[in-house]
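Hello,

Here is the structure I promised to hand over. Please look through it first; my notes follow below.

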Amino acid sequence: MDSQSNAEVGFTRVILVRHGQSTFNAEGRYQGRSDESVLTEKGYNSAYQTGVALQKIPIDAIYTSPLQRAIATTHQIIKGLSPSAKSLIKINTDPNLTEIDLPDWQGKTFEDVRQNFAVEYQCWQQRPHEFQINHQDSLSKAYYHNAATAIKPEFPVLNLYEQAKQFWQTILPRHLDKTILVVSHGGTNRALISSALNLPPARYHTIQQSNCGISILNFPANSLSAKLSALNLTSHLGEVLPKLKAGKQGLRLLLLPVDAIAPSQLLQLAEFLKPVSIDFSLTSELCTCQEITSHLLQYHSTTVQLQVSRHNFPLVWQQTIDSRRSLATNTLVTGLVIASSAIIKCIIGQILGLNASDFWRLQLNSGYLSVVHYPLKDSLPISQAINLSAP
């Protein structure tokens, strides 16, 4: 990862990393604020590789969640950084980076929660901003004979968003024109990114954060609103594309803006995508897009290639999504979409739930891939990665 990539003058750059694989991750258990989960061997190795990937970026400060899986990840990342950086960087733990609070679920398997908390789980998946848990207030119980009257509803996702906003309000003024590394959790990182981009809590599940995935936000001076220049980069972990978190079914789209792309970059991308099964492509009728498509799909002779007018792209795009999604009920269909940055930015913005006036927050690089997964027909799409490049 280039030390100059994604950097802007007058901006505070924030590099967000989710902790490495933990024991609860490997066992398919909810973690929440439990501190029983520790890094696996894979988690340690991935964290070290993340440090290696960040070697060329000068990091001025590090903030981490106080939970041990995040702290251990931070120490491993530092081991992977350049030797000169290890003694200069102090680790700051911040309670505002703690994971979402799910007291009734933590330690339980995903399957257990799906079966035994069916109503709550459905709300969690489909309406996360309305998902609530009930805490009993011991002080209130002293005044009431009926314990039911002492139950206070809490909204974990909404609370997490407030927690994220508090972190930005506290930390950003300290690091003007600096680069900071933040090591936290999947849920917390989603709230941090969403609050910085003004995304609604209802879209909480539409941003993927893989173990040791790297995301980058650029905050203008004296602003709590950011631009997103990278989301969930995992190629440094040896992954071609981020692993699917919602099952290997549905529709996966590889979005490629191509306003300007060098032949060498095109060749690298073709090699990068060689092991990926691509079922169809959707390409703007611009001659440059067609030429780029033929180069990228040189190893994919069975891919169905579709071309469409720039003016009809939004309509054909939606029709293609609907038709291909219906075919992918029990399998995974992958499509490559090649168009201008403006079109790709509009597509990603709508998926994330951005207002049209906020599309400028997406800093898309021409020739860099973004990945979107539509897991099921009635589920919201998941943005798996933005600005993914060939190593």
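Helix H6 (residues 118–126) has Tyr 121, Cys 123 and Trp 124 as its buried residues. Buried means under 20% relative accessible area, exposed means over 50%, and partly exposed lies in between (1.4 Å probe, protein chains only). Helices (H or I, at least four residues) and strands (E, at least two) are DSSP runs, numbered from the N terminus. Viewed down the axis of H6, the buried residues fall within an arc of 160°, so they line one face of the helix. That arc is taken from the directions from the helix axis to the C-beta atoms. Helix H5 (110–116) and helix H8 (156–171) are among what covers the buried residues of H6.

A word on the source. This is a predicted model, in which local features need pLDDT of at least 70, side-chain atom pairs count only at pLDDT 80 or more, and totals for chains, interfaces and linings use all residues. Residues are numbered from 1 along each chain as its sequence is written, and side-chain values use heavy atoms, with hydrogens and water left out.

H8 also packs against helix H9 (residues 186–197), at an angle of about 65° and with the axes 8 Å apart. Axes are lines fitted to C-alpha atoms, for helices over the stretch in contact, and angles run from 0 to 180 degrees between N-to-C directions. H8 and H9 are therefore roughly perpendicular to each other (65 to 115 degrees; under 35 is roughly parallel, over 145 roughly antiparallel, the rest oblique). From H8, the residues making the contact include Leu 160, Tyr 161, Phe 167 and Trp 168. From H9, they include Ala 191, Leu 192 and Ala 196. Contact means heavy atoms within 4.5 Å.

**Strand E12**

Is strand E12 (residues 332–339) mostly covered or mostly open? Mostly covered: 7 of its 8 residues are buried. Strand E9 (residues 250–257) runs parallel to E12 and is joined to it by 8 bridges. Leu 256 stands opposite Ile 338 there. Strand E10 (residues 280–284) is parallel to E12 too, with 4 bridges between them. Leu 282 has Val 337 of E12 as its bridge partner. Two strands pair if DSSP finds at least two bridges between them.

**Individual residues**

Which residue has a positive phi of about 60° although it is not a glycine? That is Asp 177. Asp 177 sits in the loop between H8 and strand E6 (179–184). Its relative accessibility is 54%, so Asp 177 counts as exposed.

Asn 232 is also a residue other than glycine with a positive phi, near 55°. Asn 232 belongs to strand E8 (residues 227–233). With 0% relative accessibility, Asn 232 counts as buried.

Gly 349 is in helix H13 (residues 341–352). Gly 349 is buried, at a relative accessible area of 0%. Beyond its neighbours within four places in sequence, Gly 349 is in contact with Leu 354, Phe 359 and Leu 362.

**The whole chain**

The protein chain holds 13 helices and 14 strands. Of its 391 residues, 53% count as buried. Among contacts between residues at least 6 apart in sequence, 74% join residues at least 24 apart.

Best wishes
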